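Thanks for coming, everyone. Please have a look at the sequence and the structure, and then I will walk you through a few places in them.

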Amino acid sequence: MKRLNSDFQTKYISESGTEAVNRDYFGFVELDGYICWAIAEGFDQDSEIKSAQLAVHTVIELFTKKPTMSRFKLRNYIWEAHRQLKKQSTKFQLKASILVVVSDYKKIRYISCGNGRFLIFRGERILLKSREQSIYQKMVDAQQVAPNSDEGLEESRNLIAYLGKERRPKCYISPKKILEDEDILFLATWGFWEKINEAELLDALEEAKTPEEYLDHLQDLYLSKQDGKIHPHTFASVFIYKTFKPDNTKKKKIIKGLIAGLIVLIIIGATFGVTYAISSMKHTKKVNAVAEYEQEGDTYIENSNFERAQQDYAEANKLSKQLTEKKGAKGRLNQNIKENISMKQRITELLVSGYSALEEKDYEKTIEEFTKALKEAKGNMDFYEILSIEEIEQSLQEAKDGQYIYDLSDIADIQVDSGDYASALKNINIAKNLAREKDNRDLEKEMTLKYEEVKAEYQQTKDEKEQEQTDKKTKAADALILTADTFLQTGDYVSAITTYEQAIEAYKELEAYDKAAEINQKIIDAQAKITEEERQSQLSVAQEYTSVADRYLEEQNFNQANVNYNRAKNIYTRLGATEEIKEVNASLERVEELQKEIQNALKLSEISDIVAAAEQYMKDEKYRNAKIKYKEAQVLYQSLNMVDKVLEMKEQISLIESLEKLQTETSTEDT
């Protein structure tokens, strides 16, 4: 019935411009209780799948099955369109911007993901303008560029959110807005609104009586601004000639019925006297006055103007106190009126208080007030239905998010007090990121400032601790210098040098390189003092090794003599004692000569025994054994380089070979 009792006329134009394919798409559906418009622009190059059309069809289909103005359901419809683009991305990644506008023929809201544009014109002014998810919008919000100017407009193509991106995109969902007769809606893709500004949109309305005339005029204006390439462009207009006017509420019907009943009672009561009739008329007048204020309050509630609603309910409550009758039909009516008005005033006061607390960032109070208001409102469904529950719940969630952020901030304060700055900074950073995610710029700024303050305090604390450690290390290094100086004064040069070296390492760690160089000079001076002492000490050690070696030589313990002579030689070599080195070398040569003499004597004795054995074998005519022994003696004589003896042994071996031959021949003849 809403559609039949309202008049919304929708017209649109969608052109591909100078491009071969129109990647824009517009669609809408009018149902009995709701109407939905969707406009989209594709950003991919897929020639088989049109991402804008797929996105619009998905949303329209879901809306047709379950029409709604619920922010959560609408967001799910957008996310389903996003999922479909992801699912059907094959050759190319499908990407699109989408803007969806829904209405129940008396209220309206939009949801945006990308850079589509939506405006509501009322009279000669812009009642509402949509927000984009682009860098340009952020620049406008940050007052870096002026709204409606060409400056920075190229950043309107640099999108923060769009369908088909890697992660599920964030959407902007507007609050509900009450529509009035003769309001005009306008939707457009980027290809159109980059060329036509808001002033030109308003100017074009002056002579347009129908949406067709309006769009034709805008098309002419748009084409007149082209200088070559024309982007795909889509724009639509909705002329609202009549919004849905609901019948009086159930409560109004009850009041009218009661009033009619009272009139009947007045007529009947006329028989009982003029006084009673006058009393009834006064009562009816008071009831009507209360009802008027209540109706005004309800209207403000529908528009989410809680402060004005609170004023009207307060007036209604004040007037209701004049309804003094407590018995009979009037008494019951009075009681119902008072309870109803009191309930509305109480809930509205809670909402006003909650929004005031939210503005002051008193999130705890906001949560308390909104929770009470919603709980009490559910007890009266007639009143509950006219409340913008989704907006209140959104504000409640904002307060809960804010409270959680402040809780994290409080925890960080405790951690700072206990000196755990790292954990505090981590919690503040989480709070800051959450504020950014929830688009709460004030809280984000507050947490950013707090993060910097705690970070600075942390750095100062670290610097103080580091300075304290540096001071301790400097004192310890200075103490090492004093100790080393004492060793130097007492002639303990080795200990002095060792302590100076420890001090140098300490100063290097402190990066006091000048001080380390100064101490190094002290080490050089100490080393100069101990050089001669060390030389004399080393010479004494070397001489002791030589004396020990001489004793071993006398005892013909040549191995130990060699070991000690070489130890002495090593020391003399380090000290550069040339004469002493010559003497030790001579001693080593003497050891070698004596070793050879003894070895030769032993070999000669051994050879003598071998030769004697050979001679005995000769006497016994054991020529083979004698030959072996003479060969052994020959080898030993060769090792001693005794040539004459070697020749002598060869002669003996030749003699034996001759005797062996003769012996063999004689044996053959006997046979």
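Let me begin with a hairpin, in which four residues join strand E2 to strand E3. Keep in mind throughout that what we are looking at is a predicted model. Strand E2 covers residues 24-30 and strand E3 covers residues 35-42, and the two pair in the antiparallel sense over seven bridges.

Next, please move along to strand E5, which spans residues 107-113 and holds Lys107. Is Lys107 buried or exposed? Its relative accessibility is 17%, and because buried means under 20%, Lys107 counts as buried. Leaving aside residues up to four places away in sequence, Lys107 touches Met69 and Val102, and also Lys176, Lys177, Ile178 and Leu179.

Finally, let us turn to two helices, H18 with residues 558-575 and H19 with residues 578-619, whose axes come within 9 Å and cross at roughly 165 degrees. Angles over 145 degrees count as roughly antiparallel, and therefore H18 is roughly antiparallel to H19. The crossing in which H18 passes H19 is left-handed. On the H18 side the contact includes Phe558, Ala561, Tyr565 and Tyr572, while on the H19 side Ile581, Val584, Leu588 and Ile598 are among the residues that take part. Which classes of residue make up this contact? Between H18 and H19 there are eleven nonpolar residues, seven polar ones and two charged ones.

Definitions and conventions:
Residues numbered from 1 in each chain as written. Predicted model: local features only at pLDDT ≥ 70, side-chain atom pairs only at ≥ 80, totals over all residues. Heavy atoms only, no water. Axes fitted to C-alpha atoms, helices over the stretch in contact; angles between N-to-C directions. Parallel < 35°, antiparallel > 145°, perpendicular 65-115°, else oblique. Left-handed = near helix turned anticlockwise from the far one by under 90°. Contact = heavy atoms within 4.5 Å. Nonpolar A, V, L, I, M, F, W, Y, C, P; charged D, E, K, R; others polar. Pairing = 2+ DSSP bridges. Buried < 20%, exposed > 50% of the residue type's maximum accessible area, 1.4 Å probe, protein only.
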